[in-house]
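Subject: Structure handover

Hello,

Please find the structure below. My notes on it follow.

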Amino acid sequence: GTPLEEVARTIAEKMGELDMTTASFIYFLESEGVLIRKVVHTLDPEALPSRVPFGGGLIGKVATQGEPLVIDSHSGMATGVKELKFSLRQANLAIFPITLRGTVVGILGTGNSLDPFKYSPEDLETIKIFAKQLSIAMENDILSKRAKELEMKDELTQLYNEKFTRQRLEEEIRRAIHYQRPCSLILVDVDQFQAVETQF
């Protein structure tokens, strides 16, 4: 039940407690083909763009390719690596896609300033586990939103909610038109509802 962004912040903070990580950032897919920066931990937020299109820069490439990007003392200097390292002030970076059912839904990035440094297979597996935790949190968030959409009654009043009422009203209007019968809707505004509620 914890909000998704709070879970993401907690994960970023926990990653900061690892020896191999001094900074982290998280992007979520918010609209088609665009990643939105959600969490920045011990990094200057201005160093990272707030929006990254799929395929745009190194972060966007990780999203389109769905494969991690590991930059350390033993990796080569691909296009854009030097600029990203300079802007983030990190000597080493590991950027992982967050996937949900085979689709990239976000990006988890970590970094440190250790020199020389090489990410071990255990380091990369740990980052992958954090990315998986984010994936699970995102799926829970989606399911929670869907469950709320499917609810028919208001939790407090146990009356039918607005969405359900609108759907039923549309059905009744269509039925009235089809059978050429009158259709009415009565709205009641109850003042001091709490006083009325306590009497029942």
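Predicted model: local features only at pLDDT ≥ 70, side-chain atom pairs only at ≥ 80, totals over all residues.

In which sense do strand 4 and strand 5 pair, and over how many bridges? Strand 4 and strand 5 (residues 92-100) are antiparallel partners joined over three bridges. Here two strands count as paired if DSSP finds at least two bridges between them; strands (E, at least two residues) and helices (H or I, at least four) are DSSP runs, numbered from the N terminus.

Residues are numbered from 1 along each chain as its sequence is written, and side-chain values use heavy atoms, with hydrogens and water left out.

The sheet: six strands form an open, antiparallel sheet in the order 3-2-1-6-5-4. Strand 3 (51-53) and strand 4 (69-71) are at the edges with a single partner strand each, so one side of each has no neighbour in the sheet. On average, neighbouring strands are turned by 25° against each other, direction ignored. Helix 4 (residues 121-150) packs on this sheet and touches strand 1 (23-31), strand 4, strand 5 and strand 6 (103-112); contact means heavy atoms within 4.5 Å. The direction of helix 4 makes about 35° with that of strand 5 (axes are lines fitted to C-alpha atoms, for helices over the stretch in contact, and angles run from 0 to 180 degrees between N-to-C directions).

The pocket: the largest pocket holds about 280 Å³ of space. A pocket is an open set of points on a 1 Å grid over the protein atoms alone, where a 1.4 Å probe fits, with protein on both sides within 12 Å along at least five of seven lines; lining residues have an atom within 4 Å of a point. The volume is the space filled by probe spheres set on the points, which are joined across faces, edges and corners. Helix 4 supplies the largest share of the lining, four residues. Among the lining residues are Glu5, Lys38 and Met138.

Salt bridges: Lys38 forms one with Glu5, with the closest N and O atoms 3.4 Å apart (the rule is a side-chain nitrogen of Lys or Arg within 4 Å of a carboxyl oxygen of Asp or Glu). Lys38 in strand 2 (residues 34-41) and Glu5 in helix 1 are 33 residues apart.

Backbone: a cis peptide bond joins Asp115 and Pro116, with omega about 0°. Pro116 is in the loop between strand 6 and helix 4.

Regards
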